[in-house]
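Here is a short briefing on one structure. Please keep the sequence and the 3D view at hand while reading.

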Amino acid sequence: MENDNSLTAEALIYAYTSGVFPMAEADGTIYWYRPDPRAIIPIDTYKPSKSLKPILNRGQFEVRIDTAFETVMRACAAPRAYEQETWISEELIQAYVDLHAMGFAHSVEVYEQGDLVGGLYGVHIGSVFFGESMFMKVSNASKVAFHYLIEILRFNDFGLLDTQFMNDNVLRYGAIEIKRTAYEKLLSKCLLRASEFKLPVK
């Protein structure tokens with residue numbers, strides 16, 4: 001990992017296409033990571049949990065994309081009961097907002113009675129989605145956001161969902177680890193093919 005406090009949308013694009021991503025320390029210092037092994041979620045093998053299916057069926061939540069990107073990112077950056085520190089600094093927020101304006105970053109937003117109650121955001125280049133973070137204010141909202149992310153990726157024929165590091169959160173969605181060499185080979189292949197980021201047509 002390397003320390004670098006200069007961050008632009010263009011630098012982010014170069015980093016992601018090289019298999020590198022940034023995280024900020026508590027003091028705002030930004031470090032760049034290229035982990036080995038790398039965590040990914042196979043898009044084709046994800047299945048919603050049995051407990052999630054009734055929630056999806058009863059239409060408790062409304063799902064939108066790209067209508068509140070910065071709000072979603074700031075919600076992801078907010079301290080949590082189990083984790084007071086955040087790796088999402090103000091500098092990162094501004095750079096990703098710029099990236100979103102360029103069409104390279106997206107949010108999946110979950111609303112309940114008009115209120116934003118959950119969501120996620122990430123970077124989209126070629127047919128790759130680099131998942132960054134998610135949040136929820138009510139039970140199951142982040143699970144719904146992830147479910148719709150998978151629906152979007154399948155509908156638009158994405159080839160890779162990168163989740164960077166393995167942890168309990170991504171493990172429950174079916175994350176696996178692969179060697180960095182294998183990841184970068186898959187990344188290069190999927191960057192050559194363009195996919196759109198839009199909700200499935202029903």
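Six residues of α3 are listed as buried in this predicted model: F69, V72, M73, A75, C76 and A77. Their cover includes helix α4 and the strands β6 (105–112), β7 (115–125) and β8 (128–136). The points below move from that helix to the cores, a helix pair and some backbone details.

**Around α3**
- The buried residues of α3 include F69, V72 and M73. An α-helix has 3.6 residues a turn, so residues three or four places apart point the same way.
- Further along α3, A75, C76 and A77 are buried too.
- Among the elements that cover these buried residues are one helix, α4, and the strand β7 (115–125).

**Nonpolar cores**
- The largest nonpolar core holds 42 residues. Within this core, L12, Y16, Y96, L99, Y121 and F130 touch the most other members.
- A second core is separate and has 29 residues. Its members include A141, F146, Y148 and F197.

**The α1–α4 pair**
- Helix α1 (residues 9–17) packs on helix α4 (residues 90–101) at an angle of about 80°, and the axes are 8 Å apart. Angles of 65 to 115 degrees count as roughly perpendicular, so α1 is roughly perpendicular to α4.
- From α1, the contact uses A9, L12, I13 and Y16. From α4, it uses A95, Y96, D98 and L99.
- By class, the residues of this contact are 7 nonpolar, no polar and 1 charged.
- L12, Y16, Y96 and L99 belong to this contact. These four are also among the residues that touch the most other members of the largest core.

**Backbone details**
- Most residues other than glycine have a negative phi, and most peptide bonds are trans.
- The peptide bond from D36 to P37 is cis, with omega near 5°. P37 sits in the loop between β3 (30–33) and β4 (38–40).
- D66 is not a glycine, yet its phi is positive, near 60°. D66 lies in the loop that runs between β5 (62–65) and α3 (69–77).
- Is D66 buried, exposed or partly exposed? With a relative accessible area of 26%, D66 is partly exposed.
- D157 also has a positive phi, near 60°. Its place is the loop between α5 (141–155) and β9 (160–164).
- D157 has a relative accessible area of 49%, so it is partly exposed. Exposed would require over 50%.

Methods:
Residues numbered from 1 in each chain as written. Predicted model: local features only at pLDDT ≥ 70, side-chain atom pairs only at ≥ 80, totals over all residues. Heavy atoms only, no water. Core = buried A, V, L, I, M, F, W, Y, C linked by side-chain atoms within 4.5 Å. Buried < 20%, exposed > 50% of the residue type's maximum accessible area, 1.4 Å probe, protein only. Helix = DSSP H or I, 4+ residues; strand = E, 2+ residues; numbered from the N terminus. Axes fitted to C-alpha atoms, helices over the stretch in contact; angles between N-to-C directions. Parallel < 35°, antiparallel > 145°, perpendicular 65-115°, else oblique. Contact = heavy atoms within 4.5 Å. Nonpolar A, V, L, I, M, F, W, Y, C, P; charged D, E, K, R; others polar.
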